[in-house]
Amino acid sequence: MKQRSSLTRQMLIYFGFIAVASILITVEFVWAVRIIITQTQPILQAGSSDGIENVLASLRALQNKAFLIGIVQALFTLIVLIMLIRRITDPLHKMIEKARRISEGDLSRTIQVDRQDEIGLLAETINGLTSNIQEIVAFGLSAEASLQASVNVLRSQANHDPLVCAQLDKIEHSLSGIGALLNGFQLLPAPPTHIEAQHHGE
């Protein structure tokens, strides 16, 4: 069985990036505050007006830095979330479109999702479902054709018996309805036979 990387694990990795960035930004901010506090303690004890101005300038610089750090963190978070959302929603949109086509009877396409997580498993499941429906439709068409042939044989042997012909008409009507329903499905083209492949090769 193929090893699959969990979608949950991928989401945790993305949010781990955000958490690490947040921690680094917080550490940088706390470190800047500690430096300013260390530098301002002697100035405040001296009571110098120039020193107080320097403290205010440092605090304004810290305020601007905090504002810049917040913008950077918001942008980083937004970029990571967009990457995560697109990685999840893009293949889901493909599968939704495929499911819509299946509901309309189009079984002629498969989902191409080259992933080893839950989304890839879902794509494989839908492809397997489509393949199973195709087999059922193909079997139904074969059975309908076989039953129609049997009805034709019985009709030829009925000697125009009105009771038998009436029953055969009912069966034929039901078969035509089933045939029309099954023929409404659009299937994958059958693989070329050996003779057809040689013909195309020429």
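Here is a friendly set of questions and answers about this predicted model.

Me: What share of the residues in the chain is buried?
Reply: A residue counts as buried when its relative accessible area is under 20%. The chain has 202 residues, and the buried ones make up 24%.

Me: Among contacts with a separation of 6 or more, what percentage joins residues 24 or more positions apart?
Reply: Here we look at contacts in the chain with a separation of 6 or more. Residues 24 or more positions apart account for a share of 73%.

Me: Which residues does valine 113 touch, not counting residues up to four places away in sequence?
Reply: Not counting residues up to four places away in sequence, valine 113 touches Pro91, Ile119, Gly120 and Ala123.

Me: Is threonine 130 buried or exposed?
Reply: Threonine 130 lies in helix α3, which covers residues 118-157. Leaving aside neighbours within four places in sequence, threonine 130 is in contact with Lys98, Ile102, Leu107 and Arg109. Its relative accessibility is 2%, and the cut-off is under 20%, so threonine 130 counts as buried.

Me: How are α3 and α4 oriented, roughly parallel or roughly antiparallel?
Reply: Two packed helices are described by the angle between their axes and the distance between the axes. For α3 and helix α4 (residues 162-183), the axes are 10 Å apart and the angle is about 160°. Angles over 145 degrees count as roughly antiparallel, so α3 and α4 are roughly antiparallel.

Me: What distance separates the C-alpha atoms of leucine 175 and alanine 143?
Reply: Leucine 175 lies in helix α4 and, at 7% relative accessibility, counts as buried. Leaving aside neighbours within four places in sequence, leucine 175 is in contact with Glu144, Leu147, Gln148 and Val151. Alanine 143 is 32 residues from leucine 175 along the chain, and their C-alpha atoms are separated by 9.6 Å.

Me: How far apart in space are glycine 105 and leucine 187, C-alpha to C-alpha?
Reply: Glycine 105 is found in the loop between α2 and α3, and it is buried, with a relative accessible area of 7%. Leaving aside neighbours within four places in sequence, glycine 105 is in contact with Gly184, Phe185 and Gln186. In sequence, glycine 105 and leucine 187 are 82 residues apart, while in space the C-alpha to C-alpha distance is 8.5 Å.

Me: Is aspartate 106 buried or exposed?
Reply: Aspartate 106 lies in the loop between α2 and α3. Not counting residues up to four places away in sequence, aspartate 106 touches Lys98, Arg101 and Gln186. Its relative accessibility is 9%, and the cut-off is under 20%, so aspartate 106 counts as buried.

Me: Is aspartate 114 buried or exposed?
Reply: Aspartate 114 also has its place in the loop between α2 and α3. Aspartate 114 and glutamate 124 are ten residues apart in sequence and 10.0 Å apart in space, C-alpha to C-alpha. The relative accessible area of aspartate 114 is 78%, and the cut-off is over 50%, so aspartate 114 is exposed.

Methods: Residues numbered from 1 in each chain as written. Predicted model: local features only at pLDDT ≥ 70, side-chain atom pairs only at ≥ 80, totals over all residues. Heavy atoms only, no water. Helix = DSSP H or I, 4+ residues; strand = E, 2+ residues; numbered from the N terminus. Buried < 20%, exposed > 50% of the residue type's maximum accessible area, 1.4 Å probe, protein only. Contact = heavy atoms within 4.5 Å. Axes fitted to C-alpha atoms, helices over the stretch in contact; angles between N-to-C directions. Parallel < 35°, antiparallel > 145°, perpendicular 65-115°, else oblique.
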